[in-house]
Amino acid sequence: MTEHFPLTEFESHRTPFYFYDLGLLDRTIDDLLANKGDFHVHYALKANSNPVIVSHIAGRGLGADCVSGGEIQRALDCGIPAEKIVFAGVGKTDEEILLALNAGIGCFNVESAPELEVISALAVQTGKKARIAIRVNPNVDAHTHANITTGLAENKFGINFEMLPDMVSLAHSLPAIELTGLHFHIGSQITDFEPFVKLCEVINRLQTQVRVNHINVGGGLGIDYTTPDGHPIPDFKGYFDTFRRNLNLLPGQTLHFELGRSVVAQCGSLISRVVYVKHGLAKNFMICDAGMSELLRPALYQAHHLIQNLSEPESAPRETYDVVGPICESSDVFGSDEILPAARRGDLIAFRSAGAYGETMASNYNLRQLYPPVFKK
Ligand code: LLP
């Protein structure tokens, strides 16, 4: 496991920092490209918008899925062509819409009637035409954590499918709007393909009501957080085949995906040092110099990232620890009752599978500092 990490290089770096294995990122994209066939993949920058990572992905020919003006600008700066950019989000501001129109992005994924009216008005004002997809809420349960489920009827995303005919009429009636697609997304970290089959069934039914040039099924393919070295590359074949088998595309229609986590999660780890080992009455605490400000997922979604001590030999005696950060919040916990090699102050600790929604969700809460990332070619 530790050959994954350039330990000598880590010694000279201040912690905490993110480490990215670009070789693994490449092998992941190789597999994605080998299995996607003629489908179009837009990488979801929200998972990781580090310029080195985005430039790397741009170089492999993927498009971008953006949710803010900042992400659109980042995608453009990193070399993703404007026509391969799609722009989603329930609260696009006028400034963001103008940036997207002026850049000439491929598609706006529109989430409400008032948004559609504003895009039309701004497109008229700037003499542009806006290509749009209507985001439909398919009411499919993704069986994932409540905070990352998006396709159920009662959340803020997209429009209810009963309202689709009215949205289509509105799109046809507005100037400077070209309705080109339907957009869906049911949630994230989905490892059972059944919800995707359900999504295909919903889309197949809608296809009889509305005819568009493209279908965008969003992202959501999950990864193996428990054994990252056993499954470093997600099951792209099974995922794309699920859509190949179950979705009835109309002649000439293209199929688009917005994958984030599955592309970047396994190539990244958060690297930290043990500051103190504290022996309590009932528990031992391994107190690290990284916390929820650097990796929020455990505190926000009760997520577990595999924890490895990179400094102690495999043969070291084991101890049981609660692995915690230094932040003044009781949710600042990476793992409870973790059985790990007996730790010493200064040991390097890796929190695995942190390439997605790690660095992008970091903050400087408690005025803390995250040091620059380390990349392995
Ligand atoms: N498309 C849309 C419309 C989305 O809302 C998302 C993710 C994606 C694509 C990319 O999904 P992915 O392939 O990465 O599953 N911060 C959470 C995940 C939030 C996902 C939000 N939307 C986490 O750390 O688990």
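## Reading strands, cores and helices

In this predicted model, strand 11 (residues 268-279) and strand 16 run antiparallel and are joined by 4 bridges.

Trainee: Let's stay with strand 16. Which residue of strand 16 does Leu270 stand opposite?

Mentor: Leu270 faces Phe351 there. Strand 16 also pairs with strand 13 (residues 307-309), in the antiparallel sense and over 3 bridges. In that pairing, Asn309 stands opposite Ile349.

Trainee: Which way do the residues of strand 16 point, and are they buried or exposed?

Mentor: Start with the general idea: side chains in a regular strand alternate between the two faces of the sheet. Here, Leu348 and Ala350 point one way from strand 16 (residues 348-351), while Ile349 and Phe351 point the other way. All of them are buried.

Trainee: Next, the cores. Which residues touch the most other members of the largest nonpolar core?

Mentor: In soluble globular proteins, nonpolar side chains tend to be buried together. In this structure the largest nonpolar core has 97 residues, and Phe108, Ile132, Ile134, Phe257 and Leu259 touch the most other members. Helix 8 (residues 194-206) supplies the largest share of this core, 6 residues. There is also a second, separate core of 10 residues, with Phe17, Phe19, Leu310 and Leu348 among them.

Trainee: What is Ile134 in contact with, leaving aside its neighbours within four places in sequence?

Mentor: Its partners are Val110, Ile159, Leu164, Met167, Val168, Leu179, Gly181, Leu182 and His183.

Trainee: How should I describe the packing of helix 8 and helix 9?

Mentor: Two packed helices are described by the angle between their axes and the distance between those axes. For helix 8 and helix 9 (residues 236-246), the angle is about 30 degrees and the axes are 9 Å apart. Their crossing is right-handed. On the helix 8 side, the contact is made by Phe196, Val197, Leu199, Cys200 and Asn204. Helix 9 contributes Tyr239, Thr242, Phe243 and Asn246.

Trainee: One more helix, please. Which residues of helix 5 are buried?

Mentor: In helix 5 (residues 94-103), they are Glu96, Ile97, Ala100 and Leu101. Seen down the helix axis, these buried residues fall within an arc of 135 degrees, so they line one face of helix 5.

Trainee: And what do the buried residues of helix 5 pack against?

Mentor: They pack against helix 4 (69-77) and helix 6 (113-126), and also against strand 4 (85-87), strand 5 (107-110) and strand 6 (130-137).

Trainee: What follows helix 5?

Mentor: Gly104 does, and its phi is positive, near 80 degrees.

Key
Residues numbered from 1 in each chain as written. Predicted model: local features only at pLDDT ≥ 70, side-chain atom pairs only at ≥ 80, totals over all residues. Heavy atoms only, no water. Buried < 20%, exposed > 50% of the residue type's maximum accessible area, 1.4 Å probe, protein only. Helix = DSSP H or I, 4+ residues; strand = E, 2+ residues; numbered from the N terminus. Arc of directions from axis to C-beta. Contact = heavy atoms within 4.5 Å. Core = buried A, V, L, I, M, F, W, Y, C linked by side-chain atoms within 4.5 Å. Pairing = 2+ DSSP bridges. Axes fitted to C-alpha atoms, helices over the stretch in contact; angles between N-to-C directions. Left-handed = near helix turned anticlockwise from the far one by under 90°.
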